[in-house]
Amino acid sequence: MSSSFFLKTKENPKFAKKGKNTAGTKRKGDVDPTGKGKLRAKKSSSKYNEEISSDSETESATAPKKRQSTEQIEYEETPQEKKLRLAKLYLEQLKEEEENKAEEASFETDLIAGRLQEEVLEQRGKLQRLIAKDLIPPDPSEIRMFRGHKLPITCLVITPDDKYIFSAAKDCSIIKWDVESGKKIHTIPGGRKGTEDRHVGHTAHILCMAISSDGKYLATGDMNNLIMIWEAESCKHLYKFTGHKGAVSGLSFRKGTHDLYSASHDRSIKVWNVDENAYVETLFGHQDSITGLDSLSRERCVTAGGRDGTVRVWKIAEESQLVFHGHEGSIDCIQLINEEHMVTGADDGSVCLWSVNKKKPLSTVKRAHGCHGDAGIEQPHWVSSVAALQNSDTIASGAYSCSHNSEVNVWKCGQNYRGLQPLFSVPVSGFVNSLKFSSSGQFLVAGVGQEHRLGRWWRLKEAKNGIYVIPLKRKPSDPEETKSAE
């Protein structure tokens with residue numbers, strides 16, 4: 001480094017410390033070649049340039065930090081602004097929560113209102129859930145058969161929770177089945193005639209059975225005029241009711257109670273209190289053997305009068321009865337759809353829908369299961385059983401055929417139960433002596449035998465005594481409809 005440069009930096013310590021470039025500053029010894037006052041810096045050594053370069057880098061490194069701190073100062077909120085922002089956020093959250101609560105409350109209100117409306121319609125007997133339109137025929141491979149009885153099945157019931165089936169037969173036995181596995185849970189064997197004193201159970205053909213709505217009691221009736229009460233869970237025998245002078249052909253518990261109604265070939269209806277193990281009263285009116293009985297929540301029951309050609313509604317409290325006419329033959333089966341409507345089947349081959357407010361059927365399907373015999377002398381197939389999915393538009397009927405397999409027909413009821421439209425048929429082998437829908441509507445159970453439950457007019461040797469469990473399949477939901485609904 002030259003001595004003149006050292007002197008200059010010494011004379012100007014400010015320049016030496018900060019290392020500023022003095023190219024634009026007029027100093028002694030500088031020459032202005034233009035003469036216009038503009039100065040041209042002298043060439044410096046490489047070491048001088050390196051010092052200048054180092055200082056410049058320091059300045060450029062500190063500059064962004066200053067700008068960054070300035071930006072932070074510009075965007076930093078004051079405590080008052082922060083409180084205001086948080087308060088607004090809290091108010092928005094409260095508003096959103098209140099809106100959600102209002103929506104949920106509205107939904108719950110609508111749901112409760114819908115349930116109350118259904119209950120009111122159910123009590124009035126006007127509830128009709130539209131289920132039939134979604135049903136499709138089951139695949140034959142999906143139909144299961146349970147075998148265990150030696151003689152024809154005569155009756156069956158399904159527990160309220162749809163887990164078990166009780167079946168009875170002409171062999172005097174009762175079997176409890178597990179629906180899911182198809183296995184026997186318990187068997188109450190039948191006894192021989194003359195062993196009534198020492199045998200716990202039936203010793204004659206069992207014609208009917210019923211289960212209470214809470215699943216506690218099971219009642220069975222036989223050809224020996226006896227009614228037996230069992231504990232449904234354990235199949236333990238509890239009571240024996242006597243009083244009928246003919247075969248017990250119909251049993252039903254009043255829904256929500258342990259009051260039991262029984263019908264008999266002695267043409268009478270009896271009322272029992274199972275909790276008290278007591279007889280209550282007897283009602284008379286039919287002119288022939290009663291073949292079927294059913295009841296729901298009201299203090300009344302309905303009966304089929306066989307050859308007297310009448311259907312009757314018994315008002316227990318008022319001690320009165322309503323009489324209905326419509327079939328041309330013996331009315332062999334009856335089932336309530338709801339409190340105001342019922343379905344019946346007869347040996348004239350017809351299926352009828354009734355209202356308790358009309359003396360004549362609302363709808364009649366003649367020859368519901370076809371005919372048999374030579375041309376000109378055809379005879380309709382007897383309708384031996386009917387069933388109804390409660391408070392819906394779906395019913396089923398069963399018949400027999402001497403020439404080909406019997407069948408279970410599933411029907412759709414029209415609006416206000418005016419009209420019957422066939423949905424599909426399920427072929428079975430034998431007499432369809434009993435039909436029951438599960439409470440959930442997921443399956444239909446048919447009790448089938450080689451003979452009719454009330455007699456031995458025909459015997460189908462190729463038929464098998466057993467229970468058919470028929471799944472009730474629904475149509476798959478249409479993705480396009482679901483999408484449009486959303």
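A salt bridge here is a side-chain nitrogen of Lys or Arg within 4 Å of a carboxyl oxygen of Asp or Glu.

Some ground rules before I go on. This is a predicted model, in which local features need pLDDT of at least 70 and side-chain atom pairs count only at pLDDT 80 or more, while totals for chains, interfaces and linings use all residues. Residues are numbered from 1 along each chain as its sequence is written, and side-chain values use heavy atoms, with hydrogens and water left out.

The strand and helix names come from DSSP runs, numbered from the N terminus: helices are H or I with at least four residues, strands are E with at least two. For burial, I call a residue buried under 20% relative accessible area, exposed over 50%, and partly exposed in between (1.4 Å probe, protein chains only).

Back to the pair. Glu339 is buried, because its relative accessibility is 7%. Arg298, at 24%, is partly exposed. Arg298 and Glu339 also belong to a network of salt bridges together with Glu340.

How many salt bridges does the structure hold? There are 7. I will show two others.

One of them is between the side chains of Glu142 and Lys473, at 3.5 Å from N to O. This pair links distant parts of the chain, 331 residues apart: Glu142 sits in the loop between β1 (135–136) and β2 (144–146), and Lys473 in strand β32 (residues 473–474). Glu142 is partly exposed at 35%, and Lys473 is partly exposed at 30%.

The other joins Asp347 and Arg307, whose side chains meet at 2.8 Å, N to O. Is Asp347 buried or exposed? Asp347 has a relative accessible area of 11%, so it counts as buried. Arg307, in contrast, is exposed at 58%.

Next, the rings. Rings of Phe, Tyr and Trp (its six-membered ring) pair if their centres lie within 6.5 Å; planes under 30 degrees apart count as stacked, over 60 as edge-to-face, and the rest as tilted. The structure holds 5 aromatic pairs. One of them is Tyr239 with Phe241, which is stacked, at 6.4 Å centre to centre and 5 degrees between the planes. Tyr239 is partly exposed at 23%, whereas Phe241 is buried at 4%. Ring pairs also tie Tyr239 and Phe241 to Trp272 and Tyr279 in a cluster.

Now the surface. Patches are made of residues with over 30% relative accessible area and no salt bridge; like charges are joined within 9 Å, and nonpolar side chains (Val, Leu, Ile, Met, Phe, Trp, Tyr) within 5 Å. Lys and Arg count as positive and Asp and Glu as negative, with His and the chain ends not counted. The place of a charge is NZ of Lys, CZ of Arg, CG of Asp or CD of Glu.

Which residues gather in the patch of negative charge? They are Glu92, Glu96, Glu97, Glu98, Glu99, Glu103 and Glu104. Glu103 lies in helix α4 (residues 79–124) and is exposed, with a relative accessible area of 56%. Tyr90 is also found in helix α4. Tyr90 forms a nonpolar surface patch with Leu91 and Leu94, about 300 Å² of accessible area together, by the Shrake-Rupley method with a 1.4 Å probe, where for residues only the protein chains shown count as cover.

Two backbone points. Cys235 is not a glycine, yet has a positive phi of about 65 degrees. Cys235 lies in the loop between β9 (227–231) and β10 (236–241) and is buried at 10%. Arg267, also not a glycine, has a positive phi of about 75 degrees. Its loop runs between β12 (259–264) and β13 (268–273), and Arg267 is partly exposed at 39%.

Last, Val448, in strand β30 (residues 443–449). Val448 is buried, at 0% relative accessibility. Val448 and Ala169 are 279 residues apart in sequence and 9.8 Å apart in space, C-alpha to C-alpha.
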